[in-house]
Amino acid sequence: MSGRRVTVTRNPVPAAGAGTAGPLRPLGAGPDADADAEPDGWAEPGELHLRSIVAGQLSLAWRTLAAVAGILLGAAVLPSLGEYAGIGAPGVWLVLCLAPPPLWALLAVTHLRRAERIERESVRTARDGG
């Protein structure tokens, strides 16, 4: 490595997946675009818009996590309930093997659809000027 000093005139471009690439801009707006400009009536997302998406999806994530915890708790309690109901160990294990995976798949699909709906509604609100 040489002892020569180099003047950096702009920030380096981050590697793929390493941090953020800067503020969000509407499609077609270059880096030199005016921050206050609203091309084609589509406003720049801004912090409040982005925070509403994050808050909605975080709330959804907590509800999904609670549902997953409920499934796990039910799976943990089911063997002891099976003994009291007289189902027997093979029946309880059959239910434990067959019930949770479809519930988790249904929960995953529902979570994905709701998260996408939150994003669509937020973009629609931003476009409508709300």
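W62 lies in helix α1, which covers residues 46-85; helices (H or I, at least four residues) and strands (E, at least two) are DSSP runs numbered from the N terminus. The model is predicted: local features need pLDDT of at least 70 and side-chain atom pairs count only at pLDDT 80 or more, whereas totals for chains, interfaces and linings use all residues. Residues are numbered from 1 along each chain as its sequence is written, and side-chain values use heavy atoms, with hydrogens and water left out.

**Surface around W62**
- W62 has 56% relative accessibility and therefore counts as exposed (buried is under 20% relative accessible area, exposed over 50%, partly exposed in between; 1.4 Å probe, protein chains only).
- Together with L58 and L65, W62 makes a nonpolar surface patch of about 350 Å².

**Overall fold**
- The protein chain holds three helices and zero strands, in the order α-α-α along the sequence.
- Of its 130 residues, 11% count as buried.

**Helix α3 and the residue after it**
- Helix α3 has 28 residues (100-127) and should span 40 Å at 1.5 Å a residue; its end C-alpha atoms are 40 Å apart, so the two values agree (the expected span is 1.5 Å times one less than the number of residues).
- P100, L107, A115 and S122 are buried in α3.

Key. Patches are made of residues with over 30% relative accessible area and no salt bridge: like charges are joined within 9 Å, nonpolar side chains (Val, Leu, Ile, Met, Phe, Trp, Tyr) within 5 Å. Accessible areas come from the Shrake-Rupley method with a 1.4 Å probe; for residues, only the protein chains shown count as cover. A salt bridge is a side-chain nitrogen of Lys or Arg within 4 Å of a carboxyl oxygen of Asp or Glu.
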